[in-house]
Amino acid sequence: MIQSMTGYGKAEYTFADHKTIVEIRSLNSKQLDLNLKLASFFRDKEADIRALLNAPLERGKVDVTVYTQPLDGSAAANDVTPINEELFTYYYQQIMQLQSQLGMPANQDYVGAVLRLPGVVAQSNAVATIEDEEWKMLEGALKEALEAFRAFRVQEGAALEKMFQEKLDGILALLAQVEPLEKGRIDKIKERLMDNLSKLTDGSSADKKVAVAYDKSRLEAELIYYLEKLDITEEKVRLRNHIKYFRETMAQEGAGVGKKLGFIAQEMGREINTLGSKSNESQMQILDVQMKDILEQIKEQVLNVL
């Protein structure tokens with residue numbers, strides 16, 4: 001069964017004084033484009049998280065968010081940047097004195113200016129780490145979110161497969177309407193050619209005053225060749241085979257199915273285009289345009305298949 005590249009999965013756990021939420025979202029993409037948004041507390045585990053996610057995600061533009069919420073409603077301790085209160089007070093008092101002495105505007109954002117001064121906001125090169133126990137819980141949450149994410153992809157894939165089956169049935173139904181027109185079309189073309197030929201040979205044509213002799217055997221050979229060029233039997237057979245192969249491919253598992261379906265849809269398009277160029281009959285051309293319209297809808301949705 002095919003899977004959609006669109007997906008969503010969520011999981012969470014509680015550890016110590018905070019709750020951690022994991023969310024996975026994805027849209028279609030030609031390859032895996034993984035974007036991690038991690039709370040600072042988990043950044044030292046980014047490589048491990050990528051290694052855990054890469055293979056199961058397979059393909060798509062994927063956003064993975066891992067964030068925390070404190071259980072007591074206060075700011076999350078792992079995301080707080082400490083302020084040096086003593087240094088802040090010293091700088092602020094100095095600025096206020098200068099403001100009074102120099103007559104500087106009183107409505108300026110001096111607090112923001114103080115916060116940008118060196119040493120006021122603590123800068124640490126140390127990387128926050130999490131305990132082994134919490135890392136195991138985070139691994140479990142990531143796997144749980146992946147399972148929910150995959151289930152969502154399968155569900156969306158089932159909807160896509162149903163749509164594809166209906167569209168393929170629609171193309172086959174239009175192809176069936178072409179067949180009765182095909183035989184009558186050949187007869188009409190042959191009749192028109194013979195009628196024009198008779199006018200030419202007996203001199204009754206408006207632009208011919210004398211009869212024209214011709215090699216009957218050569219004419220028959222050329223006529224057969226011309227009518228064979230208009231025959232669409234091979235195109236119909238190949239189009240039906242492509243549709244059959246499209247359905248067989250939808251039953252396959254794993255990544256890469258979407259790309260293969262895209263290639264098959266291209267081959268279907270070639271047969272439909274050739275069928276239209278050979279039709280030489282207005283009603284058949286209308287049916288051909290309708291088949292092209294359905295195929296374009298298929299191609300558009302194939303881009304969402306994993």
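**A chat about helices, loops and surface**

Me: Let's start with helix H8 (residues 282-302): how does the distance between its end C-alpha atoms fit the expected span?
Reply: It agrees: the 21 residues of H8 should span 30 Å at 1.5 Å a residue, and the end C-alpha atoms are 30 Å apart. The expected span is 1.5 Å times one less than the number of residues. Helices (H or I, at least four residues) and strands (E, at least two) are DSSP runs, numbered from the N terminus.

Me: Which residues of H8 are buried?
Reply: Met284, Leu287, Asp288, Met291, Ile294, Leu295, Ile298 and Val302. They cover an arc of only 125° around the axis, which puts them on the same side of H8. That arc is taken from the directions from the helix axis to the C-beta atoms. Buried means under 20% relative accessible area, exposed over 50%, and partly exposed in between (1.4 Å probe, protein chains only).

Me: And what sits on the face turned away from the buried side of H8?
Reply: The exposed residues Ser282, Val289 and Glu300.

Me: Before we go on, what kind of model is this?
Reply: It's a predicted model: local features need pLDDT of at least 70, side-chain atom pairs count only at pLDDT 80 or more, and totals for chains, interfaces and linings use all residues. Residues are numbered from 1 along each chain as its sequence is written, and side-chain values use heavy atoms, with hydrogens and water left out.

Me: Thanks! Now H6: which of its residues are buried?
Reply: Glu235, Lys236, Leu239, His242, Ile243, Phe246, Thr249 and Met250. Seen down the axis of H6, these buried residues fall within an arc of 150°, so they line one face of the helix. Exposed residues Glu234 and Lys244 are on the face turned away from that buried side.

Me: Why would residues three or four places apart point the same way?
Reply: Because an α-helix has 3.6 residues a turn.

Me: Switching topic: where is Ala16, and what about its phi?
Reply: Ala16 is in the loop between strand E1 (7-15) and strand E2 (18-27). Its phi is near 55°, a positive value in a residue other than glycine. Most residues other than glycine have a negative phi. Ala16 is exposed, at 61% relative accessible area.

Me: And Glu58, where does that one sit?
Reply: In the loop between helix H1 (46-57) and strand E4 (60-70). Glu58 has a positive phi too, near 65°, and is partly exposed, with a relative accessible area of 34%.

Me: Zooming out, how many helices and strands are there?
Reply: There are 8 helices and 4 strands. From the N terminus on, the elements run β-β-β-α-β-α-α-α-α-α-α-α. Of the 306 residues, 34% count as buried.

Me: How many of the contacts between residues at least 6 apart in sequence join residues at least 24 apart?
Reply: That comes to 78% of them.

Terms used:
Contact means heavy atoms within 4.5 Å.
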